[in-house]
Amino acid sequence: MSTRFQYDESGSTFFYFLLSFEALVVIPCTYYFYPRSSGHEEKRDRTRCNCDHCRMKTCRLKSKEPWRKVKERFIKFLLFIGWLALALTAYKVAHLQHDYVAYDPFEILEIPADASVSEIKKAYRRLSLIHHPDKDTGDEKKFMMIAKAYAALTDEEARKNWQVYGNPDGPQAMSFGIALPSWIVEKNNSVFVLGLYALVFMVALPVTVGIWWHRSVQFGGDQVLLATTQLYLSFIYKTPHMIFKRVIMILAASVEFRRTYNSEIIERPSDNIEVPLLIKELPNLGEKNKEKPLCFSYSIKARALLHAHLYRMKLPSSNLEEDRMYIVKKCPTLLSEFVQCAAQMTMLALAGRISRIPNLDTIENAMKLSACIVQALWDNKSPLLQLPHITEDMLRHFCTRKRNIRSIKQLACMKTDDRKNMLRNLSADEYSNIMNVIGRMPIVDIEVKFEVEDDEDSCTITAGAFVTVTANLIRNNMSTLFDTVNDETELIEEKEESQANNEETQKPKAKPTDKYRKKKGKGSSKLKKRAFTSSKAAAAAKKSESSHLKNGVVPSSKVEENDKGSDESGADSNDDESIASSVNSASDENNADMSSSKKDKHDKEEDDEEWEKFQAKVSKRDKVLEGKSKKSHTVHCPFFPDEKEEFWWVYVCDRKRHALITAPYLVTNLVNKEEVELKFTAPDKPGIYTYSVVMRSDSYIDFDVVKTFKLDVKEAKVIDLSKLQWDVSEEEEEKEEEESAVEDSDLATDEELEVD
């Protein structure tokens with residue numbers, strides 16, 4: 001049976017292809033490109049800071065998208081056209097008339113299905129006279145169909161073919177319909193069709209893939225240029241211990257700020273005049289450094305703009321301000337890459353692959369610089385300057401003899417009256433704005449657990465063991481520290497104290513007998529203690545009696561009372577012995593039942609714990625596969641050019657040796673709670689070691705949390721391999737014996753052949 005391909009002549013099947021194609025395009029585009037509602041942004045606007053710098057920032061961010069509403073309307077219009085086309089195509093498909101019709105000879109001859117042979121002949125004669133090609137009203141195709149229908153009803157072979165194959169001519173060629181119009185394969189249009197295919201698949205597709213590959217090869221995981229990563233690695237190896245300003249110099253030398261590597265950088269002729277004037281106003285810039293690329297012009301310009309940003313200087317021109325915003329916006333991701341490079345070099349140094357170990361201060365200075373750039377402050381400035389409306393002139397009111405407020409947390413823990421008195425120079429709106437910003441700032445706590453996974457005794461840590469430190473991070477808003485509850489409790493306590501004082505004044509004077517009793521208070525207290533202990537013993541005895549009765553055991557006191565009653569009534573001693581033996585046997589049975597039930601409960605609890613651990617491992621793997629989300633809480637950063645989310649570095653370090661123990665883990669999704677696992681190898685020598693779990697913010701200054709813990713490292717157990725017993729089943733032993741027998745027989749046959 002041959003096959004035959006047919007293009008769509010009438011265009012009916014093409015609409016099915018068109019409907020599926022439109023659905024595959026319109027539905028995903030609607031999901032991804034439809035403008036979302038701005039309800040979340042409205043909530044943010046309600047809690048947003050109302051200081052001057054924050055207002056300027058919001059206006060600047062809104063001015064960057066002047067055509068936002070026009071774009072949203074245009075997207076909605078395109079999506080509406082797409083859905084309208086999809087609906088029209090679906091309507092067309094629903095009302096299509098299919099070309100395929102079942103072959104029915106009775107319908108062609110216009111006779112009923114139960115017609116006789118004479119009626120079939122009469123119908124054939126009548127229709128052939130009308131549709132014969134020699135007649136004026138003749139139709140050749142119609143006459144052929146009539147003749148074929150007459151043969152299908154009168155000829156036996158044709159009738160069998162019609163009944164079996166649905167056609168009087170027998171089995172036909174299998175045809176496949178292609179849902180494309182036939183004009184695509186016509187000779188007149190072949191040049192245009194081939195040209196379109198060549199343009200799309202041989203020119204456009206390879207060019208787009210090549211451009212994408214060329215760009216993606218230059219970048220790392222966080223869209224940082226590989227040349228920048230190599231620069232960081234070389235400088236960290238060159239100077240393992242970096243001070244704060246040295247980190248700024250290396251950050252400013254990043255390749256992202258160079259025109260030859262980044263086309264977004266703009267080099268203006270005015271920079272030759274404006275940048276030197278800016279350098280003169282900045283102290284200790286280090287522009288005379290001759291290290292490459294620290295001495296290049298792009299590096300000096302970026303360094304000057306970063307220093308001006310940390311000083312919160314107002315730049316002389318809008319061009320420099322635009323360059324400053326671009327550079328500052330790139331800094332958090334670049335510093336995150338710097339921290340990763342330093343951590344990787346530390347791990348390589350611990351493994352013995354490189355000789356120089358980066359100092360812990362280098363990594364922490366990079367983390368500190370990230371928070372300083374986000375808040376536009378130097379590291380030696382007061383963290384209170386992160387709050388709106390607080391200036392350096394006001395800081396002298398915070399540090400006096402009565403109060404020593406040096407952090408935002410201390411300010412939040414103050415009493416309301418003292419805080420208002422200290423900030424009395426501010427207006428009511430400014431004070432409420434400060435409290436609103438403080439209330440949304442984070443306060444974080446860490447719960448630390450350490451264990452050795454996949455070990456029988458996970459709590460004991462031996463030398464060289466693989467330790468897993470689990471840090472549970474708990475974040476709350478700083479509004480929980482406000483003294484609203486404390487003020488209410490203080491008022492209640494003051495009322496209670498005043499009521500007690502009034503009652504004492506209203507009480508009559510004590511009699512001499514009362515004084516005498518008060519003097520003997522010690523002896524009475526002893527008597528009270530004795531009475532209390534006796535009452536406790538009585539209650540315990542009652543409880544034990546009730547429990548024994550529930551279990552079917554009679555207490556010994558009750559047995560004695562029964563014995564006394566039986567002696568007085570004249571009962572026999574044999575009866576008493578039988579009662580005692582029955583009681584003892586019952587107690588033994590109950591004890592055995594209790595021990596077995598306890599064992600079962602203990603086994604069930606162990607199984608439940610193992611199952612919970614297994615589920616926890618599975619959930620952790622699922623979280624790792626899902627990937628990180630970068631949505632936590634917005635940061636109050638009026639001098640940062642864009643919106644910023646709270647990120648946190650978590651790592652284990654040794655403060656005494658100034659060494660990093662685990663690579664810093666960047667937490668980007670801390671909303672309320674998050675769990676972080678940090679793994680490292682225990683020291684080779686036994687002893688007690690002190691480590692610290694540090695949680696450091698990349699957006700806020702002086703919000704770091706440190707938790708210390710001690711590891712009692714013990715000597716590793718020596719395993720005697722000779723005493724190990726391998727559990728081998730009987731089936732495996734039989735298989736081994738059979739294999740050995742087969743090998744022996746093969747060897748014997750080989751030896752016989754050699755002898756022959």
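**Helices and strands of a predicted model**

Colleague: Is Thr228 buried or exposed?
Modeller: Thr228 has 0% relative accessibility. Buried means under 20% relative accessible area, exposed over 50%, partly exposed in between (1.4 Å probe, protein chains only). Thr228 therefore counts as buried.

Colleague: What kind of model is this?
Modeller: Residues are numbered from 1 along each chain as its sequence is written, and side-chain values use heavy atoms, leaving out hydrogens and water. Local features need pLDDT of at least 70, side-chain atom pairs count only at pLDDT 80 or more, and totals for chains, interfaces and linings use all residues; the model is predicted.

Colleague: How many helices and strands does the protein have?
Modeller: Both are DSSP runs, numbered from the N terminus: helices are H or I with at least four residues, strands are E with at least two. The count is 24 helices and 11 strands.

Colleague: What share of the residues is buried?
Modeller: The protein has 756 residues. The buried part of them is 32%.

Colleague: Which helix holds Thr228, and what does Thr228 touch?
Modeller: Thr228 lies in helix H10. Contact means heavy atoms within 4.5 Å. Residues up to four places away in sequence are not counted. That leaves Ser254, Val255, Glu256 and Leu334.

Colleague: How are H13 and H14 set relative to each other?
Modeller: H13 (residues 297–310) packs on H14 at about 85°, with the axes 10 Å apart. Axes are lines fitted to C-alpha atoms, for helices over the stretch in contact, and angles run from 0 to 180 degrees between N-to-C directions. Angles under 35 degrees count as roughly parallel, over 145 as roughly antiparallel, 65 to 115 as roughly perpendicular and the rest as oblique. H13 and H14 are therefore roughly perpendicular.

Colleague: Which residues of H14 does Lys301 contact?
Modeller: Lys301 sits in H13 and is buried, with a relative accessible area of 14%. Leaving aside neighbours within four places in sequence, its contacts include Ile266, Arg268 and Asp271.

Colleague: What is the strand order in the open sheet of 3 strands?
Modeller: Two strands pair if DSSP finds at least two bridges between them. The edge strands are E3 (442–452) and E9 (673–681), each pairing on one side only. Pairing is antiparallel, and the order is E3-E5-E9.

Colleague: Which residue of E5 stands opposite Glu451?
Modeller: E3 and E5 (residues 466–477) run antiparallel, joined by 11 bridges. Opposite Glu451 stands Thr468.

Colleague: How many bridges pair E10 with E11?
Modeller: E10 (residues 687–697) pairs with E6 (residues 648–654) over 6 bridges, antiparallel. There, Trp648 stands opposite Ser697. With E11 (residues 705–714), E10 also pairs in the antiparallel sense. The number of bridges to E11 is 9.
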